[in-house]
Amino acid sequence: MKFSSFMYLAGFGVKTILFRQKKPILGTVIVTDKCNLHCKHCSVNNITAVIHPYGQIKQEMQQLYDMGVRILFFCGGETFMWQDSGRNIRDLVIEAKQMGFMIVNVVTNGTFPLDLPEADLILLSLDGDRERHNAVRGDTYDRIMENIAAATSDNICFYMAINQINKTAVRDVCALARDTKNVRAVSFNFHTPYPDTKELALSKEEKAQCCEDIKYMMKQGAPVFNLKSAFRHLINNSFPTPCHQCVVMENGRLSTCGRCIDVPDLCSQCGYFFVAEYTLLFRGNIRIIFEMLKTYLKYI
Ligand SMILES: C[S@@+](CC[C@H](N)C(=O)[O-])C[C@H]1O[C@@H](n2cnc3c(N)ncnc32)[C@H](O)[C@@H]1O
Ligand code: SF4
Ligand code: SF4
């Protein structure tokens with residue numbers, strides 16, 4: 001991260017904490033909900049299967065920038081399926097950087113060739129070892145590993161959603177993140193139980209065990225892009241929700257925090273680590289502030 005970006009983000013953090021501001025800093029643009037997979041835990045794929053046009057995405061990016069957003073995520077559906085008038089997801093990343101976003105990340109299922117050196121992080125969903133990943137995501141593990149080996153940059157961060165199917169594979173994914181070329185880190189979420197995937201939710205005890213596994217692997221040198229100080233809040237769902245510093249834009253509609261904001265009773269069961277990490281940070285939690293500084297400077 002550039003020093004000027006770091007200073008800008010630090011200044012935003014200080015103002016937010018001191019004046020209890022609710023201005024956003026992190027934005028996500030959903031480029032399409034079309035997807036080539038139908039993962040067992042996912043409730044947001046292929047609802048419309050529309051690929052949003054380039055002009056619309058550009059306008060949405062500009063709107064977020066004008067609101068003060070400086071950390072941008074592209075998400076889907078499958079982001080690598082996005083294309084319009086000869087442009088693809090890489091062109092969107094380059095454009096976002098030119099627009100002035102300081103950190104630009106792309107979330108992907110990793111089943112398409114990975115040529116995205118301009119992104120700060122490619123968050124690549126890996127949901128376990130071969131057996132458990134494939135149980136969640138269909139027979140894709142080997143293709144993903146081939147794409148990682150052939151990637152043109154080393155900015156990949158595994159992104160694992162932990163649920164009933166893969167809860168015992170946390171250590172495998174940590175070890176793989178540590179030992180695989182082109183992979184910089186791993187970041188976790190707990191399953192957020194939408195009404196159609198409630199059965200995949202973890203109990204408090206299961207979440208606690210996963211956090212123990214993550215902590216153990218951190219001690220073994222695994223590069224984990226999450227904050228240990230937030231774990232107990234994630235286990236107990238005791239962090240504040242929603243995150244007012246995060247917004248999502250999907251097809252012209254702006255939501256605070258996540259596109260899931262309108263799903264009844266979901267926020268009290270939220271499993272997204274970034275929500276816990278950001279809300280605790282902007283409440284001025286000292287341990288989170290120091291850990292966030294250390295972690296972000298290490299991986300971005
Ligand atoms: C919706 S996908 C879109 C991007 C891309 N298709 C992918 O799979 O990475 C974004 C991330 O959300 C995760 N996810 C989907 N449903 C979830 C849920 N109910 N709870 C937690 N994470 C979830 C996926 O595993 C993935 O890492
Ligand atoms: S690849 Fe991503 S968007 Fe597609 S079904 Fe799986 S989690 Fe959902
Ligand atoms: S806090 Fe609510 S809106 Fe935000 S990600 Fe969690 S479930 Fe979605």
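**Figure 1. The largest nonpolar core of the predicted model, seen around Phe158**. Of the 86 residues in the largest nonpolar core, those that touch the most other members are Ile122, Cys157, Phe158 and Val186. A nonpolar core is a set of buried Ala, Val, Leu, Ile, Met, Phe, Trp, Tyr and Cys residues joined through C-beta atoms within 7 Å. A residue is buried if 20 or more other C-beta atoms lie within 10 Å of its own, exposed if 12 or fewer, and partly exposed in between, with C-beta atoms placed from the backbone. Apart from neighbours within four places in sequence, Phe158 is in contact (C-beta atoms, placed from the backbone, within 7 Å) with Leu124, Leu126, Val173, Ala177, Val183 and Val186. This is a predicted model, in which local features need pLDDT of at least 70 and side-chain atom pairs count only at pLDDT 80 or more, while totals for chains, interfaces and linings use all residues. Residues are numbered from 1 along each chain as its sequence is written, and chains are lettered from A and ligands numbered from 1 in the order in which they are written.

**Figure 2. The shell around ligand 1**. Val107, Asn109, Ser125, Ala161 and Thr192 come nearest of the 19 residues around ligand 1 (C-beta atom, placed from the backbone, within 6 Å of the molecule). Two or more shell residues are given by each of β5 (103-108) and β7 (156-162); helices (H or I, at least four residues) and strands (E, at least two) are DSSP runs, numbered from the N terminus. The shell divides into 8 nonpolar, 10 polar and 1 charged residues. Ala, Val, Leu, Ile, Met, Phe, Trp, Tyr, Cys and Pro count as nonpolar, Asp, Glu, Lys and Arg as charged, and the others, Gly among them, as polar.

Figure 3

**Figure 4. The shell around ligand 3**. Cys257, Gly258, Cys260, Cys267 and Cys270 come nearest among the 13 residues around this ligand. The shell has 10 nonpolar and 3 polar residues, and no charged ones.

**Figure 5. The loop between α1 (3-19) and β1 (26-30)**. Arg20, located in this loop, has a positive phi of about 50 degrees although it is not a glycine.

Terms used:
Two residues are in contact if their C-beta atoms, placed from the backbone, lie within 7 Å.
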